[in-house]
Structures are given as C-alpha cells and as structure tokens.
Amino acid sequence: MRIGIVEYGVGNLTCVHNSFYNLGFDPEFVSTPEAVLAVDRLVLPGVGTPQPALAGLAERNLGEALNEAVVDKGVPIMGICLGMQLMCETLNEYGQHKGLGWIPGRSVHLADLGVTERTPHMGWAQVTPSEGVSSPLSDIGGRLWFYYAHSFVVQLDDAAHQAASSTHGAPFTAAILKDNIFACQFHPEKSQAKGEKVLERFVEWEP
Amino acid sequence: MATPVRIIPSLLLHNKRLVKGVAYRDYRDAGAPASTARIYDAQGADELTLLDIDASKEGRAPDFATLKNVAEECTTPLTFGGGLRTIDEASEAIASGADKLSLTTTAMDDPSLITAVAQRFGQQACVVGVDLQEISGSVSLYDHRTEKVLGGDVEAWIDEIQDRGAGEIRISFVNREGARSGFAIEALSRLRERIRIPLLIEGGPGNLEHVDDAFAVGMDGLVLGTMLIFSDNNIVQIKRHLEARKRPIRNW
C-alpha cells in the first residue's frame, strides 16, 4: 500500500507524515504528476489560504494528475482542512478562486452561515456522522472529538455528500464523502487517538 | 454545546531542556521536552505551547531541532514560538512540525510580521503573545529581553494585533508567573471586551479553584505551567474538576 501525501508548498505536511508513520505506514511525499499517479492512496493536506495553495498545485502541474488519479482511476483520496475546501468548485477567501471542482459546493466564511461566535474557530468540537453514510468516520464509537483551526467551511450543493457535521454557533460540514473522495474540515493528524483511527480507517477504506 | 475551553500546557525551552520560573526568572529544570509532551498528549491536553525563551534574548533563531523532536510523536496541536523574526524562520518552524506560530517581542519589533505570518500560513496559525506586568493596579507591556516595562498603550497594541490579522491572542501576566495567587481576572475581563478573536490566558493559577475562577474572563484557553509542573495537579484532574462544575471542556 503506497500512501502519497501531496506536497505543494503549503501547510504542515510533517504532522500528517508523522501520524501515518506512527501508525506503521510509510507515506511518501508526492510533488510531481508521475508520483501522484503512482500511489494507492492520496492525502491532500492544507493549511493557509487558497491563493498560494492553488498556485502551488498549478506550479507543479498537479491539477491534471490529481484529476486523472481521483476521477478517472478512482484512487481513494482524503482532503484535510483547506485540502477539503480545494476539492470544491469555488473558494471564497481573499477573493474568489476556482477549486479542483470534484465536490459541488463552495467555501464560505463561518459568519456567512450566521455564526456570531468568535472566529477563527480554534479548538475541539464533537463530530456527528451522517446517518446512512458509510465513511472512514463510521462506527469509530465513543465521543468523536476532533481538532479544528479554521474560519471557512464548505457549503455543499448536495446534502447527500455530507458525511458528518459539527457545530460552532451553527452546524457546519465536518466531513464530506463522494465516491472515492473523503475529506474532513478537522485535523485527524492532530486529534489524538480518535484522529489516528480515522487515518487508519482511510487507509483500509475500499470505496 | 459551547466550544470547549482548551487546557494548554506551557513548555518553556532552555538549552534543550524544559524549565519553569517565577516572574520570568529563577528558572528550574522541568524535564525533557519530547517525553513531557508525550505525557501531556496522553493526558488529553487540548494543545501544547512550546516557547524557546532564550532565542529572542540572544538574537538567534529558535531551537528547531528540539521542536522537531517534540513534534515527531505529538498528536496534539502544537504552537511554537520564541524569537521568530522572519517569514523564513516561520516557515522552518512549520516545516519542523509546528501547527501554529507564536510571536511576542518580535511582533512588537516588527508588527508587519503578524500580517505576513497570517497571510502565508493562515490566520489560525498566527498567535500573538502579549506579556503584561501589573504595577500598583495598572497594567503595562513588558519586554522579557530587557526585563523592562514598556511605555506603550496596551489597548492600542491589542487592537493593532487584531487589525493586522492575528488569529489568537495569548495574554500572560509576567508578575504572576509561578506566583500561584490566581489569574488577573479583572484586568483580563476588561481586555477581553476588546478582543474579537480567541483569547488564551496565562499566569497565576495555583489550585483548581483558580482555574475554575478563570471562566469569569470568558477566555478560550488556559495556558498552564507551574500548576502542572510543580504541583500534584494534572490535566485529567483539572478537567474532571471543571466538568463537575459544568464548565465547557473536552471530555471523553
């Protein structure tokens, strides 16, 4: 099983790498189209803002290879935080940007959902998996606390793509599931035992 | 449920060891960084803060090697700071495994660093520390490098930190560090009104009641040092106490 963590110049890839490694896997960093197409599982992490992230993917010519792997070949992929937002059609943060377009929907600021709580939303929140959706989050059991650090959230066009929700003043999409695409707004790599479980489940996942 | 208040152990780094002091001096050894972080991780700390307390004083880059060691096995969000002066140093900290960066004196030297860090790594990654000293009822900014109280306007600085795009503010009362007399509740409550981003508070608690009292401030996180290191308290006990008082904390 080859796990490729997409390296495109932004974000904290070290933590994602360490988490998989400590679970007994040997993840690779993939930063070329060839490398993206050579692995069995893809992880698209992301911290920061859309513009440098999208520029980072473009500079390395990764957009097309990711499309081929995820859309044509059906390679399971997990997006984390900004990585999840990049999978949408549109991102609205410091301007409007075109995303990878796999998930019908857009990123919006929590305030646009009517949230009056302080942002960024930083800290832990409980996650409620959607009923009837089978994802790496299903059946983990116990209280599902996960760590968040974000101001923007994904607004889905199709509620059927929501794999889980959390609340920060108002409910928002905590995780997405569409075919071979799984993504979470929280950071499993920073969520102690429950987070490790999600990463492990993702590796075992057969969509 | 309200977003839980985070319990955040403070790890102060000095010559590759952890230390803890009183009023930012008289430091005592407090253990090895990586193994201590692992213990807090296992106890259910909500975040960790690791600060190189000598880097800015000595005008050098912080100890990235120790950061890397700590981050390697840490499954808890990690904030790193101490002497980060440039975007390159900030990048190296992120690459070494930090999730968030903390700027204190270097933000005062160059406030544009706040904006640069927030734009590059996201607002959520930019924590600005504010060191305060209480002198006969009034509160002043403090520079630990020179051990001097500064003349600047505390409230204006707090406004500027937010206007420049910081994602979180950590207010530390220097004179209360290690004093075990409780948080500066009144002063913190007053400052809270000006702060629209998450607020972490540090300095003063010596027992479980002090920690419970802190909730009057309306903060988002409690940064704890002495109380965890040189007393019989641990994170599990603190959380159990707060849960019994119906405080919003992460339980499991």
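I count Ala, Val, Leu, Ile, Met, Phe, Trp, Tyr, Cys and Pro as nonpolar, Asp, Glu, Lys and Arg as charged, and the others, Gly among them, as polar.

The model is predicted: local features need pLDDT of at least 70, side-chain atom pairs count only at pLDDT 80 or more, and totals for chains, interfaces and linings use all residues. Residues are numbered from 1 along each chain as its sequence is written, chains are lettered from A and ligands numbered from 1 in the order written, and side-chain values use heavy atoms, with hydrogens and water left out.

**Interface.** I looked up the contact (heavy atoms within 4.5 Å). Chain A gives 29 residues and chain B gives 44 residues. By class, the chain A side has 9 nonpolar, 15 polar and 5 charged residues. I then checked salt bridges (a side-chain nitrogen of Lys or Arg within 4 Å of a carboxyl oxygen of Asp or Glu). The rule finds 2 across the interface. I noted A:R118 with B:D220, at 3.2 Å, N to O.

**Second largest pocket.** I took a pocket as an open set of points on a 1 Å grid over the protein atoms alone, where a 1.4 Å probe fits, with protein on both sides within 12 Å along at least five of seven lines; lining residues have an atom within 4 Å of a point. This pocket has 19 lining residues. A:R118 and B:D220 turn up again, among those nearest its centre, with A:E117, A:H168 and B:T3. The lining divides into 9 nonpolar, 6 polar and 4 charged.

**Largest pocket.** I found 33 lining residues here, with A:G48, A:A149, B:G122, B:Q123 and B:Q124 closest to the centre. The classes are 11 nonpolar, 16 polar and 6 charged.
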